[in-house]
Amino acid sequence: MTIYLPIAELPIAIFTVFAMGLAVGFISGMFGVGGGFLMTPLLIFTGVPPAVAVASVSPYMAASSFSGALSYWRKGMLDLTLAGVLLTGGLAGTVAGVLLFLWLRMIGQVDLAIRISYAMLLGAVGSLMLVESLKAIARARRGLPPTVRRPGTRAWFMRLPLKMRFRRSRIYVSALPVVGIGFMIGLLGAVLGVGGGFILVPALIYLLRVPTQTSVGTSLVLTLVTMAVATVLHAEANGTVDAVLAFVLMIGGTMGAQFGARTGQTLKAEHLRFLLGILVLSVAVRVGVDLVSRPADTFAVTQEAQP
Amino acid sequence: MGKGALAQGIASRASGMMVAGLLALAALPAGAAPARADRLVVSVSQPQVRITSSFAGAEIVIFGVAEAQDGEDGSIDVVVTVRGPGESFTTWRKSRVLGLWVNSDRRTFVEAPAFLAVLSNRPAEQMASPETLRVEQVGLARNILLQRVGPDFADVVPNDPFRTAFVRIQTAQGFYREDPGGVTFLGPRAFRADVAIPGTAPLGRYAVVVKVFRNNALYATSLSSFDVNKTGFEQKIAEFSQRDGWLYGFAVALGSLAVGFMGNLLFRRD
């Protein structure tokens with residue numbers, strides 16, 4: 001059974017898209033990531049034009065992260081103050097990222113620069129998480145207390161002025177590194193075209209020592225706000241948001257996010273970090289392999305954007 | 001850029017008419033030359049292909065009758081060319097730089113037909129001389145595909161790697177097609193051709209050019225068209241997003257929050 005997409009201008013198998021929404025929504029709810037880094041390539045693979053895929057994934061991510069965030073909120077695993085401070089940096093970072101993207105495009109080879117930095121960033125974050133969580137799991141096996149040491153409260157960047165208390169996250173740190181992290185996420189999101197959840201969650205866990213589950217919940221709030229804004233901007237600037245595609249994705253996504261959030265809340269924190277580490281690393285490997293292996297077809301055809 | 005393609009299209013059409021006109025004059029007594037349209041009558045089964053939410057492609061049937069004139073006999077050859085709306089495409093070539101595969105070269109095809117189907121009753125090479133086929137743009141290899149080469153626009157030899165790759169990829173995606181058995185004869189002078197329009201087909205006006213060859217020369221040409229357009233809900237959504245991007249964006253964003261909220265209530269697991 002197919003449904004015709006009015007903006008993408010092609011028919012698409014409705015149950016395939018629904019299943020994709022469900023699967024990615026599960027991962028999204030479990031790890032607090034938007035899932036754009038998985039969904040966008042999947043959509044492009046099914047034949048949706050890249051511009052429409054990128055834009056239509058935004059409302060989908062807004063819906064599934066809202067659905068997931070509500071569950072974390074009910075469990076008290078959501079720090080709105082932290083999300084607010086991160087957002088102020090995030091919005092500035094998005095603007096800077098858009099400008100950086102335009103500048104990179106003027107120089108040319110922006111595609112290559114993006115993919116190399118993407119693979120390196122994800123590779124580094126993924127490996128670090130994997131190593132750390134494996135150590136934590138081993139420690140738990142030996143019967144030692146499984147808690148992550150929290151020496152980070154003494155890190156230099158946490159002792160900067162403008163100290164704030166983030167009650168839900170149980171941290172008392174300077175607002176400056178929080179704004180800085182938000183800025184970096186916004187910048188990366190705009191340049192790499194991803195929500196940045198899979199970088200934000202590790203950053204909150206390891207840099208600010210926010211509890212794993214609260215990091216996930218807070219990341220969902222950030223994803224929700226940035227993706228809602230991105231939807232409006234994409235619709236106005238490019239006119240490439242396909243409401244029908246987004247709606248079909250979202251039905252599956254919101255369901256999946258619920259099951260994912262529940263699974264994520266019941267998992268042990270170090271196991272959750274281990275799984276997220278594997279996910280991030282495998283995306284890095286995928287991007288890296290694409291860069292160095294010979295493509296099946298050395299030619300590709302793209303349609304030029306309509307003026 | 002569009003003008004170049006247009007000018008060439010007109011030129012080839014004009015030459016086609018001239019050839020047809022000359023043939024008509026040569027074949028008939030003076031003063032009895034009928035209008036060119038009388039020689040070839042073509043009918044398209046569906047002047048409007050309407051896209052609804054269940055649209056997954058359509059089949060267009062083109063019927064035609066090439067009238068025989070006094071004293072004429074012998075078989076005819078028919079080539080049906082369907083050209084979709086013109087769009088610009090870029091063909092990228094990847095090559096290895098420092099161990100990485102990167103997009104290194106590109107060539108832009110300006111106003112190339114986004115859909116191109118060439119159907120005939122037998123391979124075009126057997127119908128007329130290469131020169132005639134070239135002038136009449138019969139077949140994918142002889143259809144003019146303008147490339148932007150630096151500041152110039154030109155079509156290149158058919159075995160140009162970028163052109164070959166472009167035609168190959170468009171064919172693999174179902175947008176380009178060449179079928180030397182796609183025209184079937186219903187009678188000695190009546191024929192039909194079935195053109196499948198894929199669900200992913202570009203929207204707009206499709207030109208249907210029917211060329212009839214006889215004795216290795218162009219005998220008659222007919223030009224008609226059909227439209228592929230969205231209707232109903234699909235059209236309304238597309239128009240809304242075009243007309244008021246802000247409002248459309250807000251509506252979609254609010255809708256997504258509503259769906260997220262509903263999803264949370266309905267599938268709540270805690």
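This is a predicted model: local features need pLDDT of at least 70, side-chain atom pairs count only at pLDDT 80 or more; totals for chains, interfaces and linings use all residues.
Strand S5 of chain A, residues 299-303, pairs with strand S5 of chain B. The sense is antiparallel, and the pairing runs over five bridges.

Next, the interface as a whole. How many residues does each chain bring to the contact? Chain B gives 57 residues and chain A gives 54 residues. The area buried between the two chains is about 4,800 Å². Carbon and sulfur atoms give 64% of that area.

On to the polar side of the interface. Between chain B and chain A there are eleven residue pairs in polar contact, counting pairs with both residues at pLDDT 80 or more. As for salt bridges, one is found across the interface. Which side chains form the salt bridge? They are those of B:Lys230 and A:Glu9, with 2.9 Å from N to O.

Which elements of chain B give two or more residues to the side that touches chain A? There are two strands in the list, S5 at 86-97 and S6 at 100-113. The helices are H4 at 161-172, H5 at 232-243 and H6 at 245-266. Helix H6 of chain B supplies the largest share, with 14 residues. By residue type, the side of chain B that touches chain A divides into 27 nonpolar, 19 polar and eleven charged residues.

Last, two backbone details in chain B. B:Glu111 has a phi near 50°, which is a positive value in a residue other than glycine. B:Glu111 lies in strand S6 of chain B, and that strand is also in the list of elements that give residues to the side touching chain A. Is B:Glu111 buried, partly exposed or exposed? B:Glu111 counts as partly exposed because its relative accessibility is 37%.

The other is B:Asn215. B:Asn215 is not a glycine either, and its phi is positive, at about 50°. Where is B:Asn215 placed? B:Asn215 is in the loop between strand S13, 204-214, and strand S14, 217-230, of chain B. With a relative accessible area of 61%, B:Asn215 is exposed.

That is the end of my part.

Key:
Residues are numbered from 1 along each chain as its sequence is written. Chains are lettered from A and ligands numbered from 1 in the order in which they are written. Side-chain values use heavy atoms; hydrogens and water are left out. Contact means heavy atoms within 4.5 Å. Buried area is the accessible area (1.4 Å probe) that two parts lose on being put together, summed over both. A salt bridge is a side-chain nitrogen of Lys or Arg within 4 Å of a carboxyl oxygen of Asp or Glu. A polar contact is a pair of N or O atoms within 3.5 Å; within protein, one must be able to donate a hydrogen and the other to accept it, and residues adjacent in sequence count only if both atoms are side-chain atoms. Helices (H or I, at least four residues) and strands (E, at least two) are DSSP runs, numbered from the N terminus. Ala, Val, Leu, Ile, Met, Phe, Trp, Tyr, Cys and Pro count as nonpolar, Asp, Glu, Lys and Arg as charged, and the others, Gly among them, as polar. Two strands pair if DSSP finds at least two bridges between them. Buried means under 20% relative accessible area, exposed over 50%, partly exposed in between (1.4 Å probe, protein chains only).
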